[in-house]
Each structure stands twice: as structure tokens, then as C-alpha cells.
Amino acid sequence: MANTLLEVNNLQVQFSTIDSTVTAVDGVSFSVNKGETLGVVGESGCGKSVTSMAILRLLGKTGKITQGEILFEGQDILKKSESDMCQIRGKEIAMIFQDSMTGLNPVMTIGKQLIGTITVHEKMNKKTAEKKAIDMLKKVGIPSPEQRMNEYPHQLSGGMRQRVMIAMALSCNPSLLIADEPTTALDVTIQAQIIELMKDLKKTSEAAIIIITHDLGVVAEMADRIMVMYSGQVVEYADARSIFINPLHPYTRGLLSSIPRLDKDVDVLYAIKGSVPSLQNVPKGCRFCERCQDAMEICKNKPPVLCTVGDCSVRCWKYTK
Amino acid sequence: MSGVGNILNEQEKTGMKGILEVKNLKKHFVTPKSFFNKEEKRVRAVDDISLFISKGETLGLVGESGCGKSTFGRAVLRLTEPTSGSVHYNGVDILKLNKNDMRNMRQKMQIIFQDPYASLNPRMTVLELIRAPLDAFNIGTEKEREEKVIDILELVGLDKQNLRKYPHEFSGGQRQRIVIARALILNPEFIVCDEPVSALDVSIQSQVLNLMQQLKQELNLTFLFISHNLSVVKHISDRVAVMYLGKIVEIAEKKSLYIDPLHPYTKALMSSIPIPDIDAPERKIILTGEVPSPLNPPTGCRFHTRCSHCIEKCKVQEPALVNVSDKTMVACHLYE
């Protein structure tokens with residue numbers, strides 16, 4: 001498929017602690033086409049951020065990719081040298097982090113940081129880079145960008161900082177943008193602004209987007225396809241429409257019905273019982289089995305594999321034939 | 001709902017409005033003058049708020065960060081001393097109580113904080129944590145206290161095997177249950193819930209919300225439920241107040257507020273929430289700009305800098321919170 005930009009096959013990431021090894025991501029496979037938006041949804045600790053960090057090979061000293069391959073434009077990222085990676089990060093694959101205060105350098109002006117990113121990746125003199133930086137700030141809707149260039153991150157509000165992060169991520173025209181909870185730290189009215197901005201950018205630029213979030217409302221607005229993760233595994237992977245209209249996995253269904261909603265009234269919320277199992281002690285069968293209302297005997301003993309139902313993939317014994 | 005209505009009628013007869021009545025409450029934070037700071041700066045975190053909460057009712061308080069909703073919750077309990085105004089609890093002005101009387105009053109008024117990781121002492125066991133209020137007020141013998149703790153623990157859905165465990169052994173949702181148990185052990189009537197489910201994952205959030213609703217009914221509790229999440233507030237509240245920059249802009253029964261919001265800010269707030277539905281209608285109103293600094297709030301209506309319906313009058317004259325119907329109050333010149 002010439003249209004595939006990123007292909008992740010059977011990715012496994014392990015973190016070693018003093019007394020044990022934790023498998024944070026276990027056999028995750030997905031692909032992102034050019035210009036497509038993939039939403040990755042899951043609760044804290046399900047491995048959604050680790051997956052994105054693995055794509056950029058930013059796992060730190062304790063994390064290791066123990067299995068699988070990550071093909072970006074047909075080439076395996078895991079086989080690249082560190083200096084090649086530096087060319088890819090920021091240039092080909094850019095990232096927006098959740099916390100814009102820690103994502104920006106507090107002792108450098110916005111302008112310096114933006115110009116720095118641009119000159120590292122593109123052969124440009126400082127003047128043109130500065131012009132480009134101002135253009136980018138304009139593009140993400142920052143008022144009086146020339147003046148903002150000389151300001152420090154703390155002088156901007158949270159929403160403005162997040163806009164700067166987006167400007168920086170897009171400044172080298174990446175073909176893939178990974179946004180890890182880009183709106184979680186923001187107020188709802190600002191969140192609406194940022195989502196609107198990202199939707200606009202999606203239309204105007206050709207970048208594919210991976211948006212990682214716990215908020216199903218955000219992915220409903222943005223994503224073309226959605227991957228639901230639970231305890232380090234993909235439990236459901238389908239186009240956005242079928243996830244919301246016809247969710248298959250009991251976890252996806254539980255998640256959707258446990259959110260209090262503005263447009264619907266219920267007396268008692270649906271609650272998924274129990275809590276997420278510890279990654280150090282995953283259940284032997286299906287990882288969701290203890291919390292599942294449809295659990296069968298087989299679920300307790302044998303882990304289900306991802307199977308295809310129509311256009312969707314789902315990891316559940318109910319759909320395995 | 002009808003229960004709340006009856007109480008309202010009764011209170012109208014006696015002239016008392018609800019279990020808690022707040023009048024003109026203000027909390028200003030002042031940065032004193034200094035060598036570097038020639039002018040005194042005043043943050044009007046809570047600026048002239050009046051409202052009441054009826055017994056057995058949940059009043060939701062929503063607003064964006066920095067609007068003063070948490071400060072209001074704390075000022076009501078005198079956890080931070082209000083600058084002026086009055087807070088009548090069951091007819092007693094608690095701002096006039098001396099330290100000792102206030103301490104006794106606190107048995108009836110409790111608070112649940114947002115972060116269940118920060119609000120439990122990591123070096124105390126569950127038993128010690130939940131028993132602490134009983135110890136503080138010297139209620140019952142050692143054995144009675146422990147029995148009471150076990151009862152409460154069961155009530156919030158935790159097993160008594162957990163008594164000797166430490167907070168780190170629990171998940172976020174379970175910790176919030178422990179916090180709730182501790183708030184309930186003195187049989188309070190009124191609880192301020194300050195973002196109690198914001199730190200929890202969605203699947204756990206619904207468990208805790210259901211628990212709180214069930215406890216409210218069983219124990220006839222009154223809640224002031226503070227949250228930035230309009231969907232959560234909608235689920236749990238009877239009435240909802242919307243705050244913006246230290247002021248209440250709209251207060252109404254839940255149904256009418258969510259079906260027919262009046263204030264432009266409430267409307268914008270409602271339409272900015274992403275709905276988890278692929279066929280949800282496009283959002284209509286997106287506010288431009290950001291919340292102005294409370295150090296230097298806009299003149300006139302505080303919302304006029306971001307309001308699409310702003311008229312000349314809004315820039316100079318501050319609108320008062322007035323009744324537009326029986327149970328709906330709104331502070332906006334459009335409705336005068």
C-alpha cells in the first residue's frame with residue numbers, strides 16, 4: 001500500500017524495574033495512512049503514551065522495545081541510527097505534549113525556540129527562519145506574533161502556549177503529527193479553540209495525525225479511525241463511526257456508557273466494576289475479564305486474539321469463531 | 001425533585017432559605033505594597049456572591065480555572081477567612097462564631113478534595129485515617145470507633161480487610177472512597193465536594209459518582225458540588241450555578257439551565273464541550289480570547305471582552321444577578 005505512512009507491527013515495550021519487568025505495550029499493531037487522523041483512546045496506564053514515545057524512540061533508559069517493527073514510509077525506525085533519528089524527530093514526525101509548560105524551555109524566548117527548531121532541520125538563514133516562525137505563529141492564531149517572539153513561555157497563557165507548541169511542531173511540515181493529550185490541561189472554552197485550530201490544520205496541511213486522549217468527546221470530533229487500548233493491548237480498532245454507533249468490545253461499550261453526557265439523561269450511570277489490573281500481574285485470560293459483564297468461562301483461561309468482524313478488529317471471545 | 005420543592009415551600013414560610021445561605025460573600029486576596037510593588041494589588045477571587053442551598057439538594061458550581069469556585073467552597077467552610085459577607089448555616093451566621101464553636105460546627109460541614117493522592121497521609125493506615133475525625137472530637141471508645149470505621153467502610157464499598165493497609169496500596173478510585181468515608185464518619189449534613197472525580201479515569205469516575213448519589217439519598221446529605229466538568233455537574237446536581245471571574249453569572253434548576261441556558265457565557269460553555277457522539281451537531285459558539293486576569297477584571301460586565309452580544313452598556317455598567325423567572329437568575333443586560 002503506497003498510501004500507508006506509518007505501520008506498527010506487533011510492538012512490545014517493556015520497562016524494567018528493580019524486581020520485575022513490566023510489559024507496558026503488548027503486541028500492538030496499527031497503521032496510519034497519509035492525511036488520516038487516528039485516535040488512540042484508553043485510561044491511564046493503558047500504554048497509549050508509551051506507544052507514541054516508542055514511535056519516536058524516546059523511551060529513556062528503562063524502556064525497551066523488545067519486539068516488533070515500526071515502519072515509517074517503508075523504513076524500519078528501530079533500525080535507524082541515533083543521528084538519523086534526530087533528523088526524523090521534529091522534521092518527519094513531530095509531537096505535541098500535554099503540558100505546554102514543560103514542553104517549552106522556560107529560559108528561552110518563544111522566537112529562539114521556534115527558530116532553533118527550523119534551522120536544525122532546514123537549510124535556512126536566521127532571517128528567513130525568523131520570518132517563517134512569525135508566519136507559523138500567525139497560522140495558529142496568535143495575536144501580534146512579532147511581539148510574542150520576544151516573550152518567554154511564562155508570559156503566555158496555557159492556551160497560547162499550546163498554540164506555540166503546535167506552531168513549533170508544524171514548522172517543518174512533518175508528515176506525521178503525534179498529539180499526546182493536547183487539550184487535557186486546558187479549560188473547556190480554550191479546548192474548543194484548540195480543537196477547532198487542529199481541525200483547520202488538518203484540512204490545510206497534509207500531515208497525518210495521531211491523537212492520544214482519554215476524552216472520547218475529543219476523538220469523536222477529530223478522528224477518522226479509533227484504536228481503543230486496555231492494559232497494554234489493542235481491544236478494538238475500527239473507523240470512528242462504527243466505534244461510536246456500534247461498539248463491539250464490552251470495554252468500549254462500557255466506556256461510552258459510563259460518561260455523563262450533556263445530550264442525554266440517565267438516573268444511574270453505567271459503571272464498569274473494579275479497576276484496571278496491575279501490569280505486573282496481568283490476568284491469565286482476557287485482561288478485561290474480571291470487569292466484564294459478558295465474561296464467559298473461556299475468558300478466564302485463554303487470552304483472546306484480535307479478530308476481524310467486518311471492518312473492525314476486536315479482541316474478545318464473543319466474536320471469535 | 002418534589003422533595004426539594006416541599007422544603008423550599010417550608011422555608012419560605014419560616015423566612016429561612018435552605019440549610020446554607022450565603023449573602024454578599026467576598027474573598028479578596030491582597031498583595032501588600034513593597035519596594036518592588038508600589039501599588040496594592042487585589043484579586044477579587046470571590047466577589048459578592050449570594051446563594052442558598054436547600055436541605056437534601058445538590059448545588060453544582062461550574063466555571064473555568066481561576067474563576068474562584070474553589071475559593072468560594074473554602075470560604076463557605078471558613079477554611080479561608082472571607083473578607084466580608086455572611087454565611088448562615090441552619091440559621092447561624094458561622095462567620096461570627098468563635099474558634100471553639102466553629103470547631104464544633106465543622107462536624108456538620110465536611111469537604112472532599114480533588115486529589116485523593118494528596119489528601120491522605122501516606123503514613124497512616126486506613127483505620128487511622130478514617131478514625132481521625134472521631135479521635136479529634138473524642139467520640140466513643142476505641143472499640144466503638146473501630147466499629148464505626150468498619151460500618152462506614154462498608155457503606156462506601158470497601159472491605160474491612162483493608163483496615164490496616166496504607167493509601168499507596170489502593171487505586172485512585174479506592175482512595176477517593178476512603179476520602180469520602182472520612183468525610184462521612186461524623187454524620188455531616190453538608191459536604192463541599194471540590195472536583196471529587198476530576199482526577200479519576202472515566203470508568204472509575206462513574207463508580208464514584210454513583211456512590212456519591214447513593215450516599216446522598218441514604219444519608220440525606222446536602223452537596224455543594226464544584227467542578228469544571230459540565231457533564232458531571234449535570235448528572236449529579238439539582239440546581240447549577242455558573243461562575244465567571246469571581247461572580248455568579250447564572251443560577252438555575254438543572255433542567256432549565258441545560259435545555260435553555262440564558263447567559264452568553266453559559267451558552268458558550270455548553271457548546272464547547274465535545275460530545276462523545278460521531279453524529280453530534282457542530283458546535284456553534286466558540287469563544288475568542290481567554291479569561292482576563294482577576295487582578296485586573298474588565299469594567300462593567302466581566303464577560304464583555306469575550307461576549308458576542310456585547311452592547312455599549314455592558315462595557316460600563318455591571319449587570320446585577322436578577323430573577324428572570326421563578327427559579328432562574330441571570331446577570332446579563334440582555335435580560336433586564
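The points below comment on a predicted model, taking chain A and then chain B.

1. The annotated region. An unreviewed UniProt entry lists residues 6-256 of chain A as "domain: ABC transporter".

2. A sheet in chain A. Four strands of chain A form an open sheet in the order 2-1-4-5, with antiparallel pairing. Strand 2 (21-33) and strand 5 (75-76) are the edge strands, each pairing on one side only. Strand 5 is joined to strand 4 (residues 63-72) by 2 bridges in the antiparallel sense; A:D76 is the bridge partner of A:L71. Helix 1 (residues 48-55) of chain A packs on this sheet and touches strand 1 (4-16), strand 2 and strand 4. The directions of helix 1 and strand 2 make an angle of about 70 degrees.

3. A loop residue. A:M108 is found in the loop between helix 3 (100-103) and helix 4 (110-121) of chain A. A:M108 counts as partly exposed because it has 13 C-beta neighbours inside 10 Å. From A:A94, A:M108 is 14 residues away in sequence and 20 Å away in space, C-alpha to C-alpha.

4. A covered helix in chain B. Helix 6 (residues 172-184) of chain B has 13 residues, which at 1.5 Å a residue should span 18 Å; the end C-alpha atoms are 18 Å apart, in agreement. Of the 13 residues in helix 6 of chain B, 12 are buried, including B:G173, B:I178 and B:L184. Among the elements covering them are strand 6 (109-112), helix 4 (126-136) and helix 7 (202-219) of chain B.

Terms used: Residues numbered from 1 in each chain as written. Chains lettered and ligands numbered in written order. Predicted model: local features only at pLDDT ≥ 70, side-chain atom pairs only at ≥ 80, totals over all residues. Buried ≥ 20, exposed ≤ 12 C-beta atoms within 10 Å, placed from the backbone. UniProt positions renumbered as here; feature names shortened; annotations may be inferred. Expected span 1.5 Å × (residues − 1). Contact = placed C-beta atoms within 7 Å. Pairing = 2+ DSSP bridges. Axes fitted to C-alpha atoms, helices over the stretch in contact; angles between N-to-C directions.
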